[in-house]
Amino acid sequence: MGAVLNRGVAADGVIAYQDHQEPELFHYLPARIDAVLGETLRDFSVTYYGINSRPFYVDLGGKYASAVGGILAGQAVPDITDKQRTQIVREITRRFSSVRSPRLMPLVLREVHVQPVFARHIIDMGKGGSAVFPERLQFGSQFAYSISAPNSLFAELVAHQNEEDKAAVSPEFAINISGKPDFFGDPWKARIQCDLSQVWKYVRAQLGMDVKSGYVNVGSSLDETVQSLIKNGIIDITYIEGSGGKEFGRQLLESTRVVFEALNAQMTSGEGLFRFEPNPKPETPSKQESLLGAEMLPWSVSVNQAFSANTFKQTIHFDQTVSFTGKIDDLVVNSSMSLAPQCSSSTRRHFYDEQLKESGCITAEKAQGLQSRIRREVLARNEKLREYFARLEKGEWTLEHYERMVALLERTSLTEHVEPVAGGAMTLRTLSVQESSSRLAQQEAELRLREDPDSSQVEMMGDLANLHYTREDVDALGAVWKYITDDPRYPKRVEELEKQELRIDTQEDLWHMTNKHNGVAVFGMWDGTQRKVKVYGIGRHAKDNKTYRLYTFDSGGKERLYRF
């Protein structure tokens, strides 16, 4: 059992080869695989989240974060559709009058290579992106695939609404399939000799003398080009078995490809002179006796216009014997399949908005809502980055500390940071930019502590003016100021203060009282429920009036110095 190379027909992107033993059996190659839901796409879904004017929060093991991204997954079969099957059967019965009831089976491949086609650079943006594709498959066999990425660009790419609201596929997500089938053919063997520089000069001249960028597909004119190269003696063929007749057209075309690939091998850098790609629309050749059948090839060739006809200045001798004898097992066939239909009225049920809990596409309104959120976050981060850079310039931070704080900022949302609020059902409270900045200042202090740990004394640099706390900031340890009388007896004074319920009215009062009397202040935690400050330390400005000293006392009475 096997396909006969020279007994093929083509229709609607399918090439069918008659079996060399059973005349009613045809092995088909789906040169173009159409993505049809329910047929070649057995299952398909896109789930996206966070593409909205409001953030979408997820629980990351007790830590809540705003999330944006999408997942594309499905089950596919690289095969012909019902429509293609009908067309190729009709063409078989038309060309083979003795065949009344043709049977079809997919062409079996060896050394199969699957190349996923997807926007890898987009998947790799950020962290956590993944892609799962099969490494091996056969035509007609089902496989599963999955692509996910935690970023908005991927989600919008796979789920945006088709502007014309018509059925279409996304070329960004597909697979290329290549492999070697077992063909049979009449014995054909020939010695091919030529000057490769003259072959290129002739082929390039057919496109005109102007040097342009990019490739141009030769298409069906390959047939005429090959015949001209042979007729004009540019390629000299000595037939050992077989002939140069139409019945051996496929062998002649494949032999010419060997010459073109030898020319590609002459290019030491950059792109090649020829590019071979799958032919998405193979057709049965016309009845003209002179044609070799290039229209039915499973591959097409394009010529690189960036190189002139005089690219090679010297003779490049080529001499090789090519044979197709009996079983032909070294020909490579190619195909491709799209895996992602675009979102439209007919496919919207396959697209799910996890945030809104409903099916539908990513509309312009959803995308604009996300962009507004992104702009707010970018503005807040840029302001914080300017602050960090200023501290680096002033010498308050080392370069290493600056880089660590920038990395910390990249992992922190200033406009969409939330925290759980206790009380019955779990609810989330969104922090203001000022509160998020205060959390960053606290983390900066902890980072400084880890960078320079000391059992008796720890110095942490900071900027007093950039510590922002509000009355709603219930549980954050940081700086809450209240004026007290300058008293050098720190331990005793702290004990006295801890027995008091210090009451304040506004944050402005804190600033006023702190700055009024030599910068002496109480550090504590604001209790919004009881409207009081629990004191845990006392401090004052250093002589340079830019840093702040805080003395605290642990349960053993040991003093620790923090410098802000």
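The points below cover the predicted model from the chain as a whole down to single residues.

1. Overall make-up. The protein chain has 564 residues, and 46% of them count as buried. Its secondary structure comes to 11 helices and 27 strands. Among contacts between residues at least 6 apart in sequence, 72% join residues at least 24 apart. The accessible surface of the chain is about 28,500 Å², with 49% of that area belonging to carbon and sulfur atoms.

2. In soluble globular proteins, nonpolar side chains tend to be buried together. Here the largest nonpolar core has 89 residues, and Leu 72, Val 199, Leu 222 and Phe 274 are those with the most contacts inside it. Helix α6, residues 249-264, provides the largest share of this core, with 6 residues. Another core, of 12 residues, lies apart from it; among its members are Ala 11, Phe 26, Ile 80 and Ile 88.

3. Leu 222 and helix α5. Leu 222 is one of the buried residues of helix α5 (residues 221-231), where Asp 223, Thr 225, Val 226, Ser 228 and Leu 229 are buried as well. An α-helix has 3.6 residues a turn, so residues three or four places apart point the same way. The cover over the buried residues of α5 includes α4 (196-205), β15 (235-241), α6 and β17. Leaving out residues up to four places away in sequence, Leu 222 touches Leu 253, Phe 260, Ala 294, Leu 297, Trp 299 and Val 301. Just after α5, Gly 233 takes a positive phi of about 75°.

4. Largest pocket. The largest pocket holds about 1,500 Å³ of space. Its lining is made of 36 residues, and Ser 66, Arg 381, Glu 410, Arg 411 and Ser 413 lie nearest its centre. By class the lining has 16 nonpolar, 10 polar and 10 charged residues. At least two lining residues come from each of β6 (64-66), α7 (364-393), α8 (399-410), β22 (418-421) and α9 (433-451). Helix α7 gives the most, with 6 residues.

5. Ala 441. Helix α9, which supplies at least two residues of the pocket lining, also holds Ala 441. Is Ala 441 buried or exposed? Ala 441 counts as buried because its relative accessible area is 18%, and the cut-off for buried is under 20%. The C-alpha atoms of Ala 441 and Met 405 are 36 residues apart along the chain and separated by 9.7 Å.

6. Pro 298. This residue sits in the loop between β16 (274-278) and β17 (299-304). Pro 298 counts as buried because its relative accessibility is 0%. Neighbours within four places in sequence aside, Pro 298 is in contact with Ile 15, Leu 29, Arg 250, Glu 277, Pro 278, Asn 279, Val 333 and Asn 334. One of these contacts, Glu 277, is 21 residues from Pro 298 along the chain, with a C-alpha separation of 8.6 Å.

7. Ala 155. Helix α3, residues 152-159, contains Ala 155. Ala 155 is at 0% relative accessibility and therefore counts as buried. Which residues does Ala 155 touch, not counting residues up to four places away in sequence? They are Tyr 48, Ile 51, Gly 69, Gly 70, His 160 and Ile 362. Ile 51 is 104 residues from Ala 155 along the chain, and their C-alpha atoms are separated by 8.0 Å.

8. Backbone angles to check. Most residues other than glycine have a negative phi, and most peptide bonds are trans. Asp 12 is not a glycine, yet has a positive phi of about 50°. Asp 12 lies in the loop between β1 (3-11) and β2 (14-19). With a relative accessibility of 23%, Asp 12 counts as partly exposed. Lys 357, also not a glycine, has a positive phi of about 55°. Its place is the loop between β20 (351-353) and β21 (358-359).

Technical notes. Residues numbered from 1 in each chain as written. Predicted model: local features only at pLDDT ≥ 70, side-chain atom pairs only at ≥ 80, totals over all residues. Heavy atoms only, no water. 1 Å grid on protein atoms, 1.4 Å probe; cavity = no way out; pocket = protein on both sides within 12 Å on 5 of 7 lines; lining within 4 Å. Points joined across faces, edges and corners; volume = space filled by probe spheres on them. Helix = DSSP H or I, 4+ residues; strand = E, 2+ residues; numbered from the N terminus. Nonpolar A, V, L, I, M, F, W, Y, C, P; charged D, E, K, R; others polar. Core = buried A, V, L, I, M, F, W, Y, C linked by side-chain atoms within 4.5 Å. Buried < 20%, exposed > 50% of the residue type's maximum accessible area, 1.4 Å probe, protein only. Contact = heavy atoms within 4.5 Å. Areas by Shrake-Rupley, 256 points an atom, 1.4 Å probe, with all protein chains shown as cover.
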